[in-house]
Amino acid sequence: MSDQSTASEPDFPEPPSLGSPAEGPTGSATDEPSGAALSDAIEAPSSHQTVPSQESESYTHGHHESVLRAHRARTAQNSAGFLLPHLKDDLHLLDVGCGPGTVTTDLARVLAGGKVVGVDASATVLEAAQSHADALGARNVRFEQANAYELPFDDDTFDVVYAHQLLQHLSDPVAALREMKRVARPGGLVAVRDADYAAMAWYPESPGLTEWNTLYHEVTRAYGFEPDAGRRLFSWVQQAGFDVAGTVPSASSWCYATPTDREWWGQVWAERCVESNFARQAQESNLADDVALEQLAHDWQSWAQAPDGWFAILHGEVLARA
């Protein structure tokens with residue numbers, strides 16, 4: 001999977017503890033919480049308690065192995081490239097909707113002198129995330145179950161709050177962004193990235209993949225979610241109360257075009273069409289039956305076998321100052 005980014009270059013002043021990678025930290029100890037103080041804040045019990053999110057039960061993709069296989073392929077470089085230039089070694093970061101934790105643990109490697117916390121609604125996937133971190137010997141990262149609408153942390157706790165492919169799966173993404181803003185310290189960063197299904201493109205032309213994309217929109221919207229979140233992030237961030245002057249929108253893409261990438265991506269979606277939560281929801285919503293879903297799986301496999309096959313996913317991205 002290749003990754004390309006296109007970002008604007010506005011004047012984006014850095015607060016004292018979030019300078020460019022080439023700059024050292026500036027400001028005095030009275031200007032910002034010390035690393036120890038932030039560490040204590042992250043580890044201490046919070047007055048904000050979380051409750052399980054009902055939306056975790058209707059997560060469109062679910063946690064079938066085909067879904068987790070795709071999620072485990074994600075890294076800081078291919079999923080947080082827009083954020084990386086703004087990170088420094090000693091920052092404290094929260095990853096909301098961390099899934100199996102590959103990006104989270106990768107970010108912990110970048111922030112070797114800081115602390116990283118990953119939260120997700122699924123206890124099962126968090127076990128996998130912790131196992132992954134333990135296998136890599138990552139000691140500055142931990143995981144816990146949480147609801148994105150009620151994060152179990154006090155106000156102004158984190159330097160950076162990051163969420164990847166999360167907001168498209170929430171019925172109230174603006175409320176979740178407000179909650180991320182709450183736990184980010186003043187001047188900190190909230191960084192979000194989501195795909196946009198209507199902007200996905202592929203070749204050769206495939207009526208089957210067109211039908212799949214239409215069905216995906218129908219299923220997600222039947223459950224109250226927005227599949228074209230990428231194009232809406234900049235608007236949602238403003239609705240959540242972020243100052244547009246401190247906000248940087250951008251876009252980047254994933255591309256599957258090599259034989260290996262096509263085979264992998266085609267098989268991932270062929271399985272999802274018949275075995276994942278997406279398949280179950282399509283049937284429960286009376287939007288597709290077993291026969292239709294099997295045909296979509298076959299269409300994905302056919303696309304993957306085309307020697308000139310190409311598939312691109314456009315992502316919207318936003319960096320916003322809290």
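Student: How do I read contacts along the chain: among those between residues at least 6 apart in sequence, what percentage join residues at least 24 apart?

Tutor: A contact means heavy atoms within 4.5 Å. Counting contacts between residues at least 6 apart in sequence, 79% join residues at least 24 apart. This is a predicted model, in which local features need pLDDT of at least 70 and side-chain atom pairs count only at pLDDT 80 or more, while totals for chains, interfaces and linings use all residues. Residues are numbered from 1 along each chain as its sequence is written, and side-chain values use heavy atoms, with hydrogens and water left out.

Student: How many helices and strands does the chain have?

Tutor: Helices (H or I, at least four residues) and strands (E, at least two) are DSSP runs, numbered from the N terminus. In this chain there are 11 helices and 9 strands.

Student: What percentage of the residues count as buried?

Tutor: Buried means under 20% relative accessible area, exposed means over 50%, and partly exposed lies in between (1.4 Å probe, protein chains only). By that cut-off, 54% of the 322 residues are buried. Accessible areas come from the Shrake-Rupley method with a 1.4 Å probe, and for residues only the protein chains shown count as cover.

Student: Which residues of helix α4 are buried?

Tutor: Thr102, Val103, Thr104, Thr105, Asp106, Leu107 and Ala108 are buried in α4.

Student: Now charges. How many salt bridges does the structure hold?

Tutor: A salt bridge is a side-chain nitrogen of Lys or Arg within 4 Å of a carboxyl oxygen of Asp or Glu. The structure holds 11 of them. One pairs Arg142 with Glu144, their closest N and O atoms being 2.6 Å apart. Arg142 is partly exposed at 21% relative accessibility, and Glu144 is partly exposed at 22%.

Student: Are Asp159 and Arg185 buried or exposed, and what does their pairing tie together?

Tutor: Asp159 and Arg185 form a salt bridge, with 2.7 Å between the closest N and O atoms. Asp159 lies in strand β5 (residues 158–164) and Arg185 in strand β6 (residues 184–195), so the pair ties together parts that are 26 residues apart in sequence. Both Asp159 and Arg185 are buried.

Student: Which residues are linked in a network of salt bridges?

Tutor: Arg221, Glu226, Asp228 and Arg232 are linked in such a network. Within it, Arg221 bridges to Asp228, the closest N and O atoms being 3.3 Å apart. Arg221 is partly exposed at 42% relative accessibility, whereas Asp228 is buried at 6%.

Student: Which residues form the negative surface patch?

Tutor: Patches are made of residues with over 30% relative accessible area and no salt bridge; like charges are joined within 9 Å, nonpolar side chains (Val, Leu, Ile, Met, Phe, Trp, Tyr) within 5 Å. Lys and Arg count as positive and Asp and Glu as negative, with His and the chain ends not counted. The place of a charge is taken as NZ of Lys, CZ of Arg, CG of Asp or CD of Glu. Here the negative patch consists of Glu275, Asp289, Asp290 and Glu294. Glu294 sits in helix α11 (residues 290–305) and is partly exposed, with a relative accessible area of 49%.

Student: What else is found in helix α11?

Tutor: Gln305 is also in α11, and at 65% relative accessibility Gln305 counts as exposed. Gln305 and Gly266 are 39 residues apart in sequence and 8.6 Å apart in space, C-alpha to C-alpha.

Student: Where is Gly246, and how far in space is it from Ala320?

Tutor: Gly246 is in the loop between α8 (233–239) and β8 (247–256), and at 14% relative accessibility it is buried. From Gly246 to Ala320 the C-alpha distance is 5.8 Å, across 74 residues of sequence.

Student: How should I read backbone angles?

Tutor: Most residues other than glycine have a negative phi, and most peptide bonds are trans. In this model, a cis peptide bond joins Tyr203 and Pro204, with omega about 0°. Pro204 is in the loop between β7 (201–203) and α7 (207–222).

Student: What is phi in Asp156 and in Asn286?

Tutor: Asp156 has a positive phi, near 60°; this residue is in the loop between β4 (141–145) and β5 and is partly exposed, with a relative accessible area of 38%. Asn286 also has a positive phi, of about 60°. Asn286 is in the loop between α10 (277–284) and α11 and is exposed, with a relative accessible area of 70%.
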